[in-house]
Amino acid sequence: MGAVPSTPRNGSALPQETAEYLIGTFVGEKSFPLASEFWQKLLELPLNLHWPSHRIRQACEAFAENNYYTRHLPKILIHLACCLQDCISAAGAPSTAYTKAVNATYMSSVFLKHLIENTKSDNFEELHLSLDENEAVPSGFPKDCIVENFLMHTVLGFIAKVDVSPVTYLLHYELLNFMIVAMSTQLLSGPSPGPKDVHPFIDAAMTQCEDCYLIILPDLAIPGVVHLTRYFLKEVSLVFYKGLAQLLQIFVLLPLNIIVGANTEGSRRVLAECSLHVLLILIHHRKCIIQNESIAETSDESAASDTYLKEKAYFSENPYCKALENARDVECEYFIPNSFSHAGSVPIVRLPFAALFDTLGMCLVDQSSVLLLYSLVHGNADFLEYVLVRTDLDTLLMPMMETLYNASRRTSNHIYMLLIILLILSQDSTFNASIHKLMLPNVPWYEERRLHHASLGSLMVIILIRTVKYNLSKMRDVYLHTNCLATLANMAPHVHRLNAYASQRLVSLFHMLSRKYTKLAELQNNKMQMDKANPTEGDGPLEDVSTELHIYTDFLRLVLEIINAILTYALPRNPEVVYAIMHRQEVFQPFKNHPRFNELLENIFTVLDFFNSRMDAEEKDGEWSVETVIQVIITNCRSWRGEGMKMFTQLRFTYEQESHPEEFFIPYVWQLVFSNCGFTFEPNKINLFPVNLPVESTCAVEAATMNQNGELNADGVLPP
């Protein structure tokens with residue numbers, strides 16, 4: 001016991017030969033106890049040695065075959081945890097413990113990934129994470145402790161306690177990659193979490209640090225997002241927090257806490273992406289639990305049984321998600337160390353909202369950053385309130401507008417998440433008013449037309465309408481249409497001095513949708529005539545046309561509601577809207593007596609009658625210039641009293657998640673990880689999402705909008 005095999009040439013071998021021998025021994029048939037010196041020699045190998053991919057694959061296959069007997073996977077994981085404990089004790093100073101920890105982390109990632117990808121059982125028995133009963137354990141290993149719990153406790157503890165520095169950077173990077181590999185068991189499950197799903201490491205992460213206090217050191221960096229350049233936050237003092245709150249805070253604030261040179265920007269981005277991916281995996285994980293365990297024990301393996309189990313199951317609370325939802329601003333006046341939320345059991349995380357706001361504004365071209373922003377504005381009421389009271393909303397909204405402007409180069413999920421964020425923001429009347437007061441000197445990326453001194457609100461109207469038109473011609477996603485129009489409807493009563501181009505686009509949108517509606521109505525009428533002549537033919541095509549016609553009827557009505565809201569509540573402040581309606585008044589004429597639209601057109605024709613009569617009363621020779629017409633409209637807006645206008649209930653749309661949002665978010669998060677993590681998973685092993693669809697073209701967002709019929713809810717609430 002404790003012996004170590006002699007290395008080739010009695011220790012005089014070249015490093016590559018020594019490494020090959022030690023790794024060959026590690027994956028071989030002989031089992032070495034935890035106390036053997038073999039582990040020290042293995043983990044002290046140089047970090048610059050490389051092997052071709054086919055040799056690594058052979059080693060992984062041998063390891064998978066022998067791990068059942070050797071139990072070298074749990075042993076190297078225990079050594080990894082012990083090395084991390086030594087690193088924590090070293091307090092960031094150079095130490096051989098870092099070399100050993102990096103080696104242990106990297107080797108664990110390689111072999112664990114192979115075992116996960118090639119597992120045959122649903123509960124990952126092939127990992128063989130337990131030790132033999134007679135195995136002697138190190139003094140730091142708790143008695144009767146589960147290996148994966150001990151490991152995740154130590155990994156998360158290291159990330160929380162040790163700042164990123166040139167000494168620790170590589171270890172931080174490898175640990176984050178290890179966490180992604182360890183939690184990749186989710187890739188083998190279906191998109192809907194079930195009560196039989198087993199994820200040893202991510203489940204262990206959900207239960208860690210509930211009774212340990214960790215330290216926030218004074219220097220923290222902003223945050224787990226990309227393209228970050230030299231932005232740092234100084235905390236005033238050391239503060240002790242409940243471990244769970246600390247871990248979430250570290251993941252949001254990773255990766256850097258020291259100023260490094262510009263030549264390290266690429267590595268900073270990689271570490272930032274890794275930390276953000278880990279954070280998103282943690283906060284979107286859902287654990288399905290059976291209320292009555294006897295039900296699971298008596299159920300068979302059939303699909304009907306799985307459905308029955310899901311009906312009897314519930315999701316346990318995700319502590320990371322809950323902590324993010326209860327996060328508070330570090331600048332909050334009332335700050336009590338070790339404080340908890342009103343729920344009593346959720347530790348309060350302190351995050352720098354100002355830095356998050358500014359940094360996210362620089363990174364919204366990245367889908368992971370958008371998903372983090374969504375998680376904050378949807379789940380955290382304090383952060384949403386902070387965003388709404390900022391006077392520089394263009395910091396966040398301009399990158400969002402530019403991304404939507406370039407929709408053809410973005411994924412449907414990316415576009416959809418941005419639109420949901422806008423819908424959430426538009427639910428606040430103060431936001432809708434303030435965006436029209438913020439003037440933009442120019443919009444350099446808008447190529448179709450020069451936009452000088454337009455308000456942020458006008459730009460939002462232009463971009464949302466442009467997105468609808470793009471979707472109509474390319475994507476044809478009903479829910480994207482709905483979210484765009486719902487946001488415009490929320491904005492409409494608060495519109496202030498909408499510029500000429502935005503006003504023209506609004507009327508143009510009605511015209512475009514009306515033409516599509518007219519074509520569908522004619523097509524439906526023709527098909528009905530054909531069906532009468534040939535009654536034996538199926539009615540499938542007619543039903544499809546009728547469904548699409550019904551959808552466009554709702555869209556047209558909603559656009560008319562938007563125009564009505566502007567004319568009813570904000571006409572005196574929007575002479576350009578009046579001008580646009582007068583200039584294109586012929587597009588409304590065909591629908592004046594239409595039973596589905598006539599009531600919504602009454603106000604529009606009331607406005608047209610009022611201003612047309614004022615124009616007729618003006619004595620002017622020759623043609624009217626645009627400036628002259630606008631001046632007449634502005635003059636008569638002052639005398640406008642809204643007489644004869646029919647009042648409609650003011651529309652207000654809100655965003656609500658589906659009852660099972662995890663069916664969209666878990667696959668979406670892993671798609672982002674899969675396409676950006678820097679290492680590959682076997683595509684044919686993945687069951688979580690269809691890997692034949694790259695993330696650039698996938699439409700997984702539809703999973704979040706299932707069980708809808710394309711209509712708005714009666715109470716104005718939008719499902720996701």
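Mentor: Here is a close look at one helix pair.
This is a predicted model, with residues numbered from 1 along each chain as its sequence is written. Local features need pLDDT of at least 70, side-chain atom pairs count only at pLDDT 80 or more, totals for chains, interfaces and linings use all residues, and side-chain values use heavy atoms, with hydrogens and water left out.
Take helix α6 (residues 147-161) and helix α7 (residues 169-182). Helices here are DSSP runs (H or I, at least four residues), numbered from the N terminus. The two axes come within 11 Å and cross at roughly 140°. Axes are lines fitted to C-alpha atoms over the stretch in contact, and angles run from 0 to 180 degrees between N-to-C directions. That makes α6 oblique to α7. Oblique is what remains once angles under 35 degrees (roughly parallel), over 145 (roughly antiparallel) and 65 to 115 (roughly perpendicular) are set aside. The crossing of α6 past α7 is left-handed: the near helix is turned anticlockwise from the far one by less than a right angle.
Now the residues in contact (heavy atoms within 4.5 Å). From α6 come Leu 151, Met 152, Val 155, Leu 156, Phe 158 and Ile 159. α7 supplies Leu 171, His 172, Leu 175, Leu 176, Phe 178 and Met 179. By class, the α6 contact with α7 has eleven nonpolar residues, one polar and no charged. Nonpolar covers Ala, Val, Leu, Ile, Met, Phe, Trp, Tyr, Cys and Pro; charged covers Asp, Glu, Lys and Arg; the others, Gly among them, are polar.

Key: Helix = DSSP H or I, 4+ residues; strand = E, 2+ residues; numbered from the N terminus.
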